[in-house]
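Good morning, and thank you for making the time. I would ask you to keep the sequence and the structure in view while I speak.

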Amino acid sequence: MKDVVIIGGGLAGLSAAWRLRHWDIQVLEADSARVGGRIRSEAHGDYVMNWGGHMFAGAGSASAELVAETGTRWAAIPGSLQGMAMNGKFLSSGLIHTYPFRIPMTNKDRLSILRVGARLGADVLRYKRAARRRSGETPEVRQQRIFNFEDERTFADYIGNPTTTARDFYCSVAMRSAADPDQLSAGAGIGYFNLIWNIGHGLGNYIVGGAATLTETIAQSLRNRVQLGAAVNEVVQNSDHVVVRYTLNCKEHEVKAHTAVLATPAPITRKVAVNLRPELRDALGQIRYGPHVAGAFLTNEQNPMPYDSTYGIATPNRSFTVALNQGNLTRGRDTTRRPGGSMMTFSPASLGYRLWDLPEQEIADIYLADLDDIFPGFAGIVTDARVEKFEFGSPYCFPGRHKLQSELTRPSERVFLAGDYLGTFYTDTAVSSGFTAAQGAASVLATERQTRNL
């Protein structure tokens, strides 16, 4: 009998596996080709193509602990995250409050943007105070306070009835959360602006060599304890052990363990964990996700590009809501600009649904047409273009989400949950929830081992 079976080889599952690596564990991952889940990157010479999670929390975070423990190199994201391409104008420098005066639009639109911006700026400060760590409190108490913040209405209700241009100006940023404004809670939308506007304060780090460097490093440390292509069908919690049934190479298998960590998206967790308590199953059933459709592009330009000093570029009224200049991560360490580059595009929420059923090459062509319109000549410097789709792109906070948290985090006897749906910090929630699940499993194992030795 295993000590722990970990279902899911994404960032949350691998974080749990890392902390449990000295126990007898087995990681079951449904993907037959790789670990990492929504962490997906490839290094190509000087540059990295990236399709998934790309930003990690800094000092004092669970991510910082994992990076340090695994010996992975990381650095602060260089360049501005406040780029915007709108109405034929690309801006990446200067105070963001001046953007409405520098982007072509009517005075009515400018006034509407400024009205929303004044309220949003004040509420970002309120959010920042609410999200700040407080002496003596547990991470769970802090997370609940963040969920509670402005959680009774949508972000669309929050911004009211601005002009169409003003709505586009703000909603292209909020949609990065994987929800449309009329789905997303007001607090979550405000929180996303807090993230963007405070990116220079330790909130944005990247993994040198690509995010998959971290997940593959963990997987290699576990070696033959990671089983790819293992699709879990059922997890049954008994009084003294857990039974996990899965399909591998078209054959049914079963493994027993003292404990299990379920590090899969909430709908999958609810489906396979057949005898979780009813209240928990109900809470899992209410978690909502938006899709991710992402494109990655390698380029071979020989000269500087207008976006060289910019990492994140909001792109209202495009097929993607943001373009991420992955080449900036490489050039941030350079004293002279080397040739080439890498760009990522990201279509969440309704943008992702519009593209979902299209062939990947057609999506890539749509992306390239938009990029070429924003940066004339871009299509001519692309040497590789590929698209990835993630059905469970990101969980998002909807009005009333705070009511589920106590049930989702209530301890279980032998099955422990991990995943980014358990909090609001994306990759860092995946890591921290993996650590928490590992601690729960280790506590059960330690108690039983001591009991047997009495």
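Helices (H or I, at least four residues) and strands (E, at least two) are here DSSP runs, numbered from the N terminus. This is a predicted model, in which local features need pLDDT of at least 70 and side-chain atom pairs count only at pLDDT 80 or more, while totals for chains, interfaces and linings use all residues. Residues are numbered from 1 along each chain as its sequence is written, and side-chain values use heavy atoms, with hydrogens and water left out.

I begin with the aromatic rings. Rings of Phe, Tyr and Trp (its six-membered ring) pair if their centres lie within 6.5 Å; planes under 30 degrees apart count as stacked, over 60 as edge-to-face and the rest as tilted. How many aromatic pairs does a search of the whole structure find? The search returns twelve. One of them joins Phe 155 and Tyr 158, which are stacked, at 5.8 Å centre to centre and with 25° between the planes. These two residues are separated by about one helical turn, because they stand three residues apart in helix H6 (residues 155–159). An α-helix has 3.6 residues a turn, so residues three or four places apart point the same way.

Phe 155 and Tyr 158 are both buried, where buried means under 20% relative accessible area, exposed over 50%, and partly exposed in between (1.4 Å probe, protein chains only). Phe 169 and Tyr 170 make an edge-to-face pair, with 5.0 Å centre to centre and 75° between the planes. Phe 169 counts as buried because its relative accessibility is 6%, and Tyr 170 is buried at 5%. Ring pairs link Phe 155, Tyr 158, Phe 169, Tyr 170 and Phe 193 into a cluster.

Two charged side chains also sit over rings, meaning that NZ of Lys or CZ of Arg is within 6 Å of the ring centre and within 35 degrees of the ring normal. Arg 288 lies over the face of Phe 398, 4.0 Å from the ring centre, and Lys 389 over that of Trp 356, at 5.8 Å.

I turn to helix H7. Which residues of H7 are buried? They are Thr 165, Ala 166, Phe 169, Tyr 170, Cys 171, Ser 172, Val 173 and Ala 174. Because eight of the eleven residues of H7 are buried, this helix is largely enclosed by the rest of the structure. Its buried residues pack against E6, helix H3 (99–102), helix H4 (107–131), H6, H8 and E14, contact meaning heavy atoms within 4.5 Å.

Cys 171 brings us to the cysteines. A disulfide is taken as a pair of cysteine sulfur atoms within 2.5 Å, and a search of the whole structure finds zero. Cys 171 is accordingly in no disulfide; the nearest cysteine sulfur, that of Cys 397, is 17 Å away. Cys 171 is buried, at 6% relative accessibility, whereas Cys 250 is exposed, with a relative accessible area of 80%.

Next, the sheet. Two strands pair if DSSP finds at least two bridges between them. Seven strands form an open sheet of mixed pairing, in the order E7-E6-E14-E15-E16-E13-E17. Strand E7 (89–91) and strand E17 (382–396) stand at the edges with a single partner strand each, so one side of each is left without a neighbour in the sheet. At one end, strand E6 (residues 83–86) and E7 run antiparallel and are joined by three bridges, with Met 86 opposite Lys 89. Helix H7 (residues 164–174) packs on this sheet, touching E6 and strand E14 (312–314), and its direction makes about 140° with that of E6. Such axes are lines fitted to C-alpha atoms, for helices over the stretch in contact, and angles run from 0 to 180 degrees between N-to-C directions.

Strand E10 (residues 231–237) is joined to E11 by six bridges, in antiparallel fashion, and the two form a hairpin with four residues between them. In this pairing, Val 236 stands opposite Val 243. On to strand E12 (residues 251–262): E11 pairs with E12 in the antiparallel sense over seven bridges, with Val 244 opposite Val 255. E11 and E12 likewise form a hairpin, with two residues between them, and Asn 249 in the turn has a positive phi of about 55°.
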